[in-house]
Structure formats: structure tokens, C-alpha cells
Amino acid sequence: MRITQRRKGATRAVLCIAGSTALAGTGFAFAAQANAQTTNSTVSWTRACALSTTPGQMACNALHVTSTIEHVHAQGVTPNATPSGYGPSDLYSAYNLPSGGGAGQTVAIVDAYDDPNAESDMGVYRSQYGLPACTTANGCFKKVSETGGTSYPRKSTSWSGEISLDLDMVSAIAPNAHIILVEAKSASMTDLGTSVNTAISLGAKFVSNSYGGSESSSDSTYDSSYFNHPGVAITVSSGDGGYGVEYPAASKYVTAVGGTSLSKASNTRGWTESVWSTSSSEGAGSGCSKYDAKPTWQTDSGCANRTVADVSAVADPATGVAVYQTYGGTGWTVYGGTSVASPLIAAVYADAGTPGSSTYPAGDIYSHTGSLYDVTSGSTASCSPAYLCTAEVGYDGPTGWGTPNGLTAFAG
């Protein structure tokens, strides 16, 4: 039996399986769920990676939806069935993006641990949506360790979900770009940071990082060691914990990417967005950094240090994206979290062209704020000053200056 429910105008199909689910309150409670689960009136989901409270240890920001129609799709390409969740054409429409972007560019994805099915799973996603093949054989795809070799780290079903999500989002938004997947040997900032340096040394001008952890006094050292790369667009998820700042989104050298709830609408744009917030402890990360200095291109007056975020894109699991994952997954599934938004924005940068050689691409956004969809509704908490957690006209913490409206705001 399928039960269709609605949240903020977005329809999602929910599968009930006898013996494994039970109706609870306004949502579904799944009895055999290994990780902590969030439930709202439409969908249920789990965090792909366990959170860490240890400074210098990172967790991925992917949220795996567990209650959509994913369970009824067979593995592989399903030409007569559309996977649940937004696909490439939805994202092109929502963000006014070209359908064949990324030609001549190289986008890197940095994640921890190994997904042995990364290339084949990405191939299924691309085939499903009619995107060009991107393989090791045709020179489009490369998977390396954090030192650039082929001695990959241990496998991880948790981080494989993150890897599948990241690769599919870059494939969707910049289908003609080359892709490098760099797999760190652990989720420490030093290993992930080394992987960022490796990605750039291999020629990537766009590097997505969909992970974060608690801020620490070491962040300025990490900044100079791993993220100070003028001429490279480094995007970082702002986090899924609601109001509060994660590192490396707090780095003054990166583009911090917040999250929205994205739904189809009957307005001129055809879509509407608000701040993604499920509860006081889950939603788009934002706030004022404790340790990182304010970048020169950021001028808001309510935070003396770095303010998160700069820009945003869809992140709400209830309006999530389609992903194909078989290592730790069963095929078609749906993901949310700001892990959706970071690779999406990295790919938008790639569509817009090579950044200026001596600039930090986040600054380009602040020079073209009129070329974004301003998100003006929703909040994650009550805070002071209010814009750090509440959407406003113009800049605010959870969504930055807004979401893509074409490529102008991302062009060097």
C-alpha cells in the first residue's frame, strides 16, 4: 500500500511494509532503524554518518530518507518509472540552470572512506536521466586516495551514501564536467584537508565538501593548510543541526552553503523556497563563527567574525533528491541535508566557468546578489541578531544571499 502525504506543497509517496512500520503520531516510525531517526508529517530519515563531538573529527551531512517509494523500485535503470525525489530537470527548472553545463571543467568531491560501487552507481544515475557517460575508461571520472593513488581506504556504507549523493548532484548540474572523487583514509580534518589539497593538485577548480564538525582553536591552522586556494571554488555544507556553526563551513576561504525547502508552486518562477528547518536541532546550519575571521567580502554587522552561510540550495529531506546507491543501499533512494546543497553549488560554479586566478569565488556572490533567488521566509531558531537564524529580505544566515537564479552570481 502507498500512502501519499503532503508537506509545504510537495507530494511524496510513502511505502508501508507490514511488520516493519507502524503509524506514530503524524508520521511513520520504523521499528528496525539502527540510527537516530527524524519523522515529520511526510517522510522519515536517518543521518548517514554518526555525529562527532570531538574537535577535528568530521561527520557527513547527508540525511537518508527511509519512507519513500524507493523500496518498490528495482535496482538499475527504470525507464518506465521515475525515481522518487527531484531529478536533474527539476533542479534546472528550480534554479534556472542550463541542462548541459560543465564542459571543460573538473569538479572534485572530497569524502572519507571508500565506496567500491561509486563509479557504477553514478553510471546508473546518469543513464536513468539521459546524461552522458562519465567513466574511468573514457577519462571523465577518476577515483583516488587522499595522496592521489589507488590504494583506497577501508569501505564504509555510511560514507558511501554521501559519496553517491555528491557524485549524482555534480552529474545532474554539470553533466559535461570531469569528476574526481578523493577518498580520505579517515574522517579527521587533517585527512580530509589533505584530500582537498590533492584534488586541487590534480587540476580541480571546484571542490565540494559535504561534512563538518565542531569549531576549534585549530581552525585557523586548517584554513591556511587546506583551504587557502585562490582561484578555486571550495564549497562546504553549513551543517544539518540548525542554528550553530560547523567547520569547515566557517573557513573564510570557502563558500558556505546553507539549505532550503524547495517546492513546486503556481507562481511565475514555478517554485517556492523557505529556510529548511525540521526542529530546533535539525535544519540549515548558520551563525557567527567563534574563531574564524570575517572575510573581506562579507559586511554584515551582527557578527564580528565569519558569518555562515553565503548561499544555499535545496536540503530539506521532505523535498529531497533522487540518488542511486548500492553499497549500503538497495538502489534508488532519496537524500536531503546540506550535503545536497554543497555539490550542487560546486557544480553551478563549474557551469559558470573557471574562477579568477587570484580571487576567492565566494566573493563573487556578494558582488552579484541581485542574480539570486532571495529566500525570505522561515527560521531555524530564535536568536539575536535575528538574521543569523531567520530568513530576511537580502542576506541572512540560513540561506545567505539566496539560491541560484542562473549562473551570473557564480561567474568570476
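Analyst: Happy to. Lys294 and Asp300 join their side chains in a salt bridge, at 2.9 Å from N to O; the term means a side-chain nitrogen of Lys or Arg within 4 Å of a carboxyl oxygen of Asp or Glu. Lys294 counts as partly exposed because its relative accessibility is 22%, whereas Asp300, with a relative accessible area of 16%, is buried. Here buried means under 20% relative accessible area, exposed over 50%, and partly exposed in between, with a 1.4 Å probe and protein chains only.

Before going on, a word on the source: this is a predicted model, in which local features need pLDDT of at least 70 and side-chain atom pairs count only at pLDDT 80 or more, while totals for chains, interfaces and linings use all residues. Residues are numbered from 1 along each chain as its sequence is written, and side-chain values use heavy atoms, with hydrogens and water left out.

By the rule above, the count comes to six salt bridges. One of them joins the side chains of Glu282 and Arg47, at 3.8 Å from N to O. This pair links distant parts of the chain, 235 residues apart: Glu282 belongs to strand β19 (residues 282-293) and Arg47 to strand β6 (residues 44-47). Strands (E, at least two residues) and helices (H or I, at least four) are DSSP runs numbered from the N terminus. Glu282 and Arg47 are both buried. Asp310 and Arg306 form a salt bridge too, with 2.8 Å from N to O, and both of these residues are buried. In general, side chains of opposite charge can pair when their charged atoms come close.

Now for two serines. Ser279 sits in strand β18 (residues 277-279) and is partly exposed, because its relative accessible area is 32%. Ser156 lies in the loop between β10 (141-145) and α3 (157-173), and counts as buried because its relative accessibility is 9%. A polar atom of the Ser156 side chain lies 3.4 Å from the backbone nitrogen of Ser158. Leaving aside residues up to four places away in sequence, Ser156 touches Tyr113, Asp114 and Tyr327, where contact means heavy atoms within 4.5 Å.

α3 packs with helix α6 (residues 338-352) at an angle of about 30°, and their axes are 8 Å apart. The axes are lines fitted to C-alpha atoms, for helices over the stretch in contact, and angles run from 0 to 180 degrees between N-to-C directions. α3 and α6 are therefore roughly parallel to each other, since angles under 35 degrees count as roughly parallel, over 145 as roughly antiparallel, 65 to 115 as roughly perpendicular and the rest as oblique. Among the residues that meet are Leu165, Met169 and Ile173 in α3, and Val340, Leu344 and Val348 in α6.

Helix α2 (residues 118-128) has buried residues including Met122, Val124 and Tyr125. The buried residues of α2 pack against several elements, among them α1 (88-95), α3 and β11 (178-184). After α2 comes Gly130, with a positive phi near 70°.

To place these parts in the whole, the protein chain has seven helices and 25 strands. Of its 412 residues, 61% are buried.

Terms used: A polar contact is a pair of N or O atoms within 3.5 Å; within protein, one must be able to donate a hydrogen and the other to accept it, and residues adjacent in sequence count only if both atoms are side-chain atoms.
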